[in-house]
Amino acid sequence: MIASVGRTGAWPQAGRISALVLLAALARAAIEPMGEGMATAAFATVLLAGMVLTRPTSPLMGEGWSGGAAYSRWNTGRSLLGGLVVAALIVAPGLPALAGAGAGHASRGLDGWWAWAAVTALVATLEEVAIRGALQGALTRGAGTLPAIAAGAAVFALIHLPRYGLGGLPLDFAVGVALGGLRAVSGRVLPCAVAHTAADWAAWWMA
Amino acid sequence: MVDGVRRRGPLVALALGLALAALIHTASPSPPLFDGLPLPQAPYAYCSPPSNLESSNVRPARGQADFPVQNGVVAGGSVQTDESAPQVILFIGVDELKVSPGAVSARVTIDPVCADPPPPPGGAQIRGNVYRVSAVEEPGGRPARVSAAYHLTMRVPPGPFSHLQLYDGTAWHPLSTSLAPGGNPYAGSTLAQMGELAATATSGGESPVSVVLRWLGSFGVLALVVLFGIIALVQEIRRRRTQGRERRTG
């Protein structure tokens, strides 16, 4: 499938994927005044629609949400472990400063954790499928690995702009570069989805 | 050489991204939430909780801060109630409070009025607690005067809400109210008077449209999670069937 998409079709494909992801982020920002639940639902719906179109036969995204698992040397166990290690490395540097600031993170119990965690995992996974799977996959074929990682990180940072503002841009870009590197190292989306989800989950205790 | 760079590029990107993230995290300790729903806040602390929340309700907290007086000018600052998700936050600018000569500080206090709150405004219901906001000068305890508008942010409990109102001891006065973006349960207003404040809603309850929107906001996302799981399962089954067929024919 990767070969069949070809180098020449990679750029339009990357453009369509970027447009889809940015459209999802804009939909979320536009609906946000109606509530976070509605906004997240809109974001997930647009990305989910994109994911349905990422079947391996889809002309829109070609390689699809399997994220190149068939071509990777990383099996599922290694992907899970790798994702968790990267998540720990993303989260760990912030721990001492947060503890020093006396954040009330220990006070949050597990009430509501499962629903929150499920939605967070869903959104994180959808983003990884779209950005690290489809977008980075297409750009790697069109422009090479490093430009693809940088472009994926830029889109990743941009879609979080409405939510976290300019202040969140550097951190989101840096994490995007790390996740893009993980995607390229592993050849799979799964470790990126695990890392992203686990880092998000850590906020339950850290925020 | 080029091949070496190409091979090591992803590893370098991974390490560089992690190093940059660590650097930013150390400089600004923000929690690494990139997505999902905002973190759930602690439940609203009621003076008089609804019957289904009585067992879990925590009494609302008060807030207090002393603003020093320097060269006759009261310093500005903020005061908030002492909860993990503060229910009232005041922002008072420099010189917005006036005190008598000789005062060394102004004490601003936010108290939940749990005993004998004022009766609700006509045609409206009070949503959540009534809070008394006051400022006195120290020493002496005489009331400090508000010379310019200060800003108040108040948490609103789940359910209907229309605007904030101020009770001046004789009557309620509607305040021009703004809502926090992102569906956050906070309302804000700028006011030039201390007094008792409350979130209010029109009597008669929530409109059917807002009930539906609230329901969609709560359960629509969960429905998506279920849908996502079903789609992922179907995709996986189809992938395995295709692989099986390819193995048999190949």
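Predicted model: local features only at pLDDT ≥ 70, side-chain atom pairs only at ≥ 80, totals over all residues.
Residues are numbered from 1 along each chain as its sequence is written, chains are lettered from A and ligands numbered from 1 in the order in which they are written, and side-chain values use heavy atoms, with hydrogens and water left out.

Chain A comes first. Helices (H or I, at least four residues) and strands (E, at least two) are DSSP runs, numbered from the N terminus. Helix 6 of chain A covers residues 113–143 and has a kink of about 35° centred on A:Gln136; the bend at a residue is the angle between axes fitted to the seven residues ending there and the seven starting there. Of the 31 residues of helix 6 of chain A, 25 are buried, so this helix is largely enclosed by the rest of the structure. Buried means under 20% relative accessible area, exposed over 50%, and partly exposed in between, with a 1.4 Å probe and protein chains only. After helix 6 of chain A comes A:Gly144, which has a positive phi near 105°.

Helix 7 of chain A (residues 145–159) has 15 residues, and its first and last C-alpha atoms are 21 Å apart, close to the 21 Å expected at 1.5 Å a residue. The expected span is 1.5 Å times one less than the number of residues in the helix. Buried residues of helix 7 of chain A include A:Ala148, A:Ile149, A:Gly152, A:Phe156 and A:Ile159.

Chain B is described here through its strands. Strands of a sheet pair through backbone hydrogen bonds, either parallel or antiparallel. Two strands count as paired if DSSP finds at least two bridges between them. An open sheet of 5 strands in chain B has the order 3-4-9-13-12, with antiparallel pairing. Its edge strands are strand 3 (77–80) and strand 12 (178–179) of chain B, each of which pairs on one side only. Within this order, strand 9 (residues 150–155) and strand 13 (residues 186–191) of chain B run antiparallel and are joined by 6 bridges. B:Arg155 has B:Tyr186 in strand 13 of chain B as its bridge partner.

Another set of pairings involves strands 6, 7, 14, 10 and 11 of chain B. Strand 6 (residues 105–112) and strand 7 (residues 124–138) of chain B are antiparallel, with 8 bridges between them, and B:Thr109 stands opposite B:Ser134 in strand 7 of chain B. Strand 7 of chain B is also joined by 7 bridges to strand 14 (residues 195–202) of chain B, again antiparallel. Here B:Arg132 is the bridge partner of B:Glu196 in strand 14 of chain B.

B:Glu196 is also the bridge partner of B:Tyr167, in the antiparallel pairing of strands 10 and 14 of chain B over 5 bridges. Strand 10 of chain B (residues 163–167) has 4 of its 5 residues buried, so it is largely enclosed by the rest of the structure. Strand 10 of chain B is joined by 3 bridges to strand 11 (residues 172–174) of chain B, running antiparallel, where the partner of B:Tyr167 is B:Trp172. These two strands form a hairpin with 4 residues between them, and B:Gly169 in the turn has a positive phi of about 105°.

Strand 6 of chain B also holds B:Ser105, which is buried at a relative accessible area of 12%. Leaving aside residues up to four places away in sequence, B:Ser105 touches B:Phe67, B:Pro68, B:Val69, B:Val136, B:Glu137 and B:Glu138, contact meaning heavy atoms within 4.5 Å.

Side chains of opposite charge can pair when their charged atoms come close. B:Arg62 lies in the loop between helix 1 (2–27) and strand 1 (63–70) of chain B and B:Asp111 in strand 6 of chain B, so the pair ties together parts that are 49 residues apart in sequence. B:Arg62 is partly exposed at 40%, whereas B:Asp111 is buried at 19% relative accessibility.

B:Asp66 and B:Arg107 form a salt bridge with their closest N and O atoms 2.8 Å apart. This pair links strand 1 of chain B, which holds B:Asp66, to strand 6 of chain B, which holds B:Arg107, 41 residues apart. A salt bridge also joins B:Glu137 to B:Arg142, with 2.9 Å between the closest N and O atoms. B:Glu137 is buried at 2% relative accessibility, and B:Arg142 is partly exposed at 47%.

Definitions and conventions. Salt bridge = Lys/Arg side-chain N within 4 Å of Asp/Glu carboxyl O.
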